[in-house]
Amino acid sequence: MNINSNYLNLKDSYLFSSIAKKVAEYKNENPEKELIRLGIGDVTFPLVPTVISAMQNAVSQMGNSETFHGYGEEQGYAFLRQAICGYYAKKSVSLRDTEIFISDGAKSDLGNILDIFDVNNTVLIPNPVYPVYVDTNVMAGRKIIYMDGNPENSFLPLPDYSVKADIIYLCSPNNPTGAVYTKEQLGLWIEYAIKNEAVILFDSAYEVFITDKNLPTSIYQIEGAKKCAIEFCSLSKTAGFTGTRCGYTVVPSELMQNNLSLNKLWLRRQTTKFNGVPYIIQRGAEAVFTDEGYKQIKENIDYYLENAKIIAYTLTSLGIWFTGGQNSPYIWLKCPNGLSSWDYFDELLTKYNIVGTPGAGFGSNGEGFFRLTAFGNRDNVNKAMKRLLQQQ
Ligand code: MLT
């Protein structure tokens, strides 16, 4: 028996597990300290009332033999896929419900989608970015080429035709930098992908934070995207489903490679390896896309965006360089006094009792940078910012 030796090429543990361990150790040694967590992007608000009542109703249905649901469609119930088509229609994107796949979140699908691609494909990944893209490809042993994100290109790398890639990851609004691609920039990526017969894996998990009407909230708002892009989205940050788990992936039927439909391959993969998201959760997710549900979740999003403004305002007063915080729940800052990401992590933890995420955890270009999230409750965000202002 041999293990998959590609795992030996991974870091010891996943970024957010390493941070959680470090923070737990510190808390253990300093139980009296009041830590403020602006690290992992976990939400503060509970599920909104419309979602809760839809789920309660679904729970009752499950207790009645007339309305009970056993195995559902692996791809997700039609009622939820149709609700998502309605959501896309409002963005002027026309999708068929067969192009939508319900999942337990974007993270799982971003990793699982690799099942349908050859292991010899070359992968192009921004640096810095959400570590799941790198780790899942390292596990499979694929060749990775990195594209540099830096202050000079506003952390939004653009295509370089001297690089030949088969699979391209884009995340917009970006985790961790908060940078958002414009329609024109995404257009350049689509052109590159079509010319290279490559596929774009577009992570739009944070699209609901985009308030600037000129910025795209789906890659399909740009001409040609259905021929080359798969879009991953999640209700985790949109509707507080981090603990409830529900997301969706769009695989357009126009997306073909070597005369094969990627939609069909993904359906084949899902029907074999996945038994679907629970009925109760899907009913809750459906409620997010009703007028009332959407109004309620938007109130929470606006609150988080206001937190981001408070953090941004404080960093500006402290003269700390940052990006993000607008159209995104993440604020990406330059570590003060030339500190490394992990040294600043330690300083924030031990001196200010604030938990953040070291930029180096998102790739080598994240060294010297740091990520704060806007998902905390207002009192905690204010308290954390006061600590930074007082102790400078
Ligand atoms: C993050 O903090 O980057 C995210 O919460 C992680 C995730 O969505 O898996």
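How close do the axes of helix 1 and helix 11 come, and at roughly what angle do they cross?

Reply: The model is predicted, so local features need a pLDDT of at least 70 and side-chain atom pairs count only at pLDDT 80 or more, while totals for chains, interfaces and linings use all residues. Residues are numbered from 1 along each chain as its sequence is written, and side-chain values use heavy atoms, leaving out hydrogens and water.

The axes of helix 1 (residues 15-29) and helix 11 (residues 341-352) come within 11 Å and cross at roughly 35 degrees. Helices here are DSSP runs of H or I with at least four residues, strands are E runs of at least two, and both are numbered from the N terminus. An axis is a line fitted to C-alpha atoms, for helices over the stretch in contact, and the angle, from 0 to 180 degrees, is taken between N-to-C directions. Helix 1 passes helix 11 in a right-handed crossing, meaning that the near helix is turned clockwise from the far one by less than a right angle.

On the side of helix 1, the residues involved are Leu 15, Ile 19, Lys 22, Val 23 and Tyr 26. They meet Trp 342, Phe 345, Asp 346, Leu 349 and Thr 350 of helix 11, where contact means heavy atoms within 4.5 Å. By class, this contact has seven nonpolar, one polar and two charged residues. Ala, Val, Leu, Ile, Met, Phe, Trp, Tyr, Cys and Pro count as nonpolar, Asp, Glu, Lys and Arg as charged, and the others, Gly among them, as polar.

A cavity is a set of points, on a 1 Å grid over the protein atoms alone, where a 1.4 Å probe fits but cannot get out, and lining residues have an atom within 4 Å of a point. Points are joined across faces, edges and corners, and the volume is the space filled by probe spheres set on them.

The largest cavity holds about 70 Å³. Strand 5 (residues 167-171) gives the largest share of its lining, three residues. That lining has nine nonpolar, three polar and no charged residues.

The second largest cavity holds about 50 Å³. Its lining includes Phe 45, Lys 237 and Tyr 304. Helix 10 supplies the largest share, four residues, and the lining has seven nonpolar, three polar and one charged residues by class.

Notes: 1 Å grid on protein atoms, 1.4 Å probe; cavity = no way out; pocket = protein on both sides within 12 Å on 5 of 7 lines; lining within 4 Å.
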